[in-house]
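Visitor: Could you take me in for a close look at one part of this model, the place where the two chains meet? I'd like the numbers along with the residues.

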Amino acid sequence: MKNKWLSYITQQAEELQHPQAVFLYRKGVYLFTLLITLLQLPVAASLWGKDASIAPAIYEGNSILQSLNLLSHPTFASYYPAIVLLLILAIVASFFIRSQRILAILIFFCFSNLYHRSIPIQNGSSDLLHLQLFYLVLMDEHASHKLGKIKTLSVCLTNFAFIAAQVQLCVVYFISSYYKLQGTHWLEGTALHYTLLNDEFTLDFVQNNVANMELPLRLLTWSTLLFQILFPVCIWIKKLKPYLLTFGIALHALIAMVMGIVDFGLLMIVMYLLFASEAWCLTLRNKYFRLHQNVISIEK
Amino acid sequence: MNISTKREKQSFGILLSLFFLGLLLLHFTLTIAYQFRELDYTSRLAGLSKQYTEPLFTQNFKIFAPDVPDIKYKLFVRYAADGKNFSAWQNVGAPLVVKHQKNRIASSGYEYLIYKNATSELLRANADAVERSDKSLSANLAQKQITVLLRNSIHFYKASYCFSRQWTKEFPNKPFPKGFECALLLEKIAPVDNKQSIAQANYAYLFFPNVAAIR
């Protein structure tokens with residue numbers, strides 16, 4: 001047991017454990033960030049501008065943290081288009097430039113500023129995205145090409161940041177299921193009934209035809225709860241992983257389409273890349289490279 | 001690479017790994033404690049976790065928990081440029097909800113969130129005012145006191161901030177009206193085993209007069 005642990009710890013410093021997954025995960029998270037930034041563009045002035053409709057929250061003290069909330073200060077508020085433009089450019093550049101660390105810092109800085117300016121309307125998915133962009137700053141899929149102690153440091157940091165991102169996903173399910181068990185709707189199996197009758201989280205067709213189907217909705221409520229309870233433990237068991245991920249993708253796709261919480265649903269599906277096998281990621285990465293080469297040759 | 005250099009590199013790697021593992025454990029202990037801080041707000045760990053987590057690692061994953069909302073909130077506003085002749089009540093969120101239902105990936109969802117945030121602030125302001133009001137007063141006096149407490153509430157300020165900014169966006173050339181009022185319609189969703197129709201569900205109103213312009 002002791003040897004197994006020692007070998008695990010040594011491995012984390014010696015070689016990258018998930019280089020293909022880190023590569024794909026980064027692309028997935030950045031694409032998602034680009035999508036939600038573009039979606040917010042028509043209401044950008046109301047969210048981040050000088051005359052935004054949300055009262056700003058000023059953080060006292062730490063200057064590093066204040067630099068992540070520049071738009072809440074009247075001096076910087078009118079520069080929000082520059083932050084948005086920088087974010088979009090940095091994401092686009094990340095698909096063409098090999099060195100990712102500086103771009104990752106830039107993307108985190110820009111997103112963090114937009115996120116903190118509109119924090120009262122942010123939901124769990126923005127919190128999660130903010131955390132993931134932070135972990136991506138620490139990851140470097142090309143760490144194994146470095147030399148000496150820098151390589152050891154970079155490899156180790158990448159591996160642990162990747163573990164942190166995985167654990168974070170488990171924490172989301174753990175916290176969510178723990179609090180659901182404290183209420184009554186989820187245990188009674190009526191949570192989906194109430195949700196689908198709420199105009200905000202439904203579609204006309206679903207509200208009129210599905211929201212009162214008692215048994216199917218109870219079963220779906222309980223299976224959602226069971227999935228969230230099991231995920232943090234069972235995702236580490238190889239045999240169960242594909243079933244959990246398949247159920248999760250279906251569940252989050254439904255959340256996005258029916259309940260309209262598109263950002264949360266999509267982000268959770270992107271985050272499942274953290275648990276994809278290296279072989280699968282390599283196949284996908286090769287396809288990405290072929291597409292990338294085609295784009296570059298068309299540009300030339 | 002000779003043996004001593006290799007060993008040195010290996011032990012550097014092990015030390016580094018242990019350091020990052022320690023950091024990882026500390027990070028998740030504090031961020032998880034942050035999410036459970038409402039169990040005991042006064043504990044030292046709760047204070048420490050809040051200090052560590054906010055604002056860099058802020059997180060709230062109590063998604064639809066402990067219960068899903070079983071009340072629908074509808075936000076209505078009306079205004080009078082002269083402070084007397086009010087317009088009809090307008091449900092400001094409804095058109096945005098319909099837009100969002102028609103197109104799930106459109107910005108109307110975010111626009112709706114702005115009004116939803118104002119709704120939450122009004123509810124918090126009302127809850128705070130009711131909590132702080134003197135329970136021994138007569139109904140009439142208590143209502144007057146609640147109105148005063150509402151006007152001084154930070155949550156009411158935040159809601160007013162939203163309304164005045166949205167007004168400027170919609171009518172850039174018109175000053176904020178002298179009279180601006182809002183009301184929340186609270187509609188209880190009928191339980192699953194209840195045969196009563198949605199139209200017969202329970203309703204309640206909360207009224208918020210005197211929304212002032214915030215500059």
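This is a predicted model: local features need pLDDT of at least 70, side-chain atom pairs count only at pLDDT 80 or more; totals for chains, interfaces and linings use all residues.

Guide: Interface size is often quoted as the accessible area that is lost when the parts come together. Here, the area buried between chain B and chain A comes to about 6600 Å², and carbon and sulfur atoms give 69% of that. On the chain B side, look for B:F61, B:Y110 and B:V192: they supply 11% of the area that chain B buries against chain A, more than any other three residues.

The rule finds 4 salt bridges across the interface of chain B and chain A.

While you're in chain A, have a look at its helix packing. Helix α2 (residues 19-40) and helix α6 (residues 80-94) of chain A have axes that come within 10 Å and cross at roughly 150°. With an angle like that, α2(A) is roughly antiparallel to α6(A). Their contact uses A:K27, A:Y30, A:T33, A:L34, A:T37 and A:L38 from α2(A), and A:V84, A:L87, A:I88, A:I91 and A:S94 from α6(A). Sort those contact residues by type and you get 7 nonpolar, 3 polar and 1 charged. As for handedness, the crossing of α2(A) and α6(A) is left-handed.

Key: Residues are numbered from 1 along each chain as its sequence is written. Chains are lettered from A and ligands numbered from 1 in the order in which they are written. Side-chain values use heavy atoms; hydrogens and water are left out. Axes are lines fitted to C-alpha atoms, for helices over the stretch in contact, and angles run from 0 to 180 degrees between N-to-C directions. Helices (H or I, at least four residues) and strands (E, at least two) are DSSP runs, numbered from the N terminus. Angles under 35 degrees count as roughly parallel, over 145 as roughly antiparallel, 65 to 115 as roughly perpendicular and the rest as oblique. A crossing is left-handed if the near helix is turned anticlockwise from the far one by less than a right angle, and right-handed if clockwise. Contact means heavy atoms within 4.5 Å. Ala, Val, Leu, Ile, Met, Phe, Trp, Tyr, Cys and Pro count as nonpolar, Asp, Glu, Lys and Arg as charged, and the others, Gly among them, as polar. Buried area is the accessible area (1.4 Å probe) that two parts lose on being put together, summed over both. A salt bridge is a side-chain nitrogen of Lys or Arg within 4 Å of a carboxyl oxygen of Asp or Glu.
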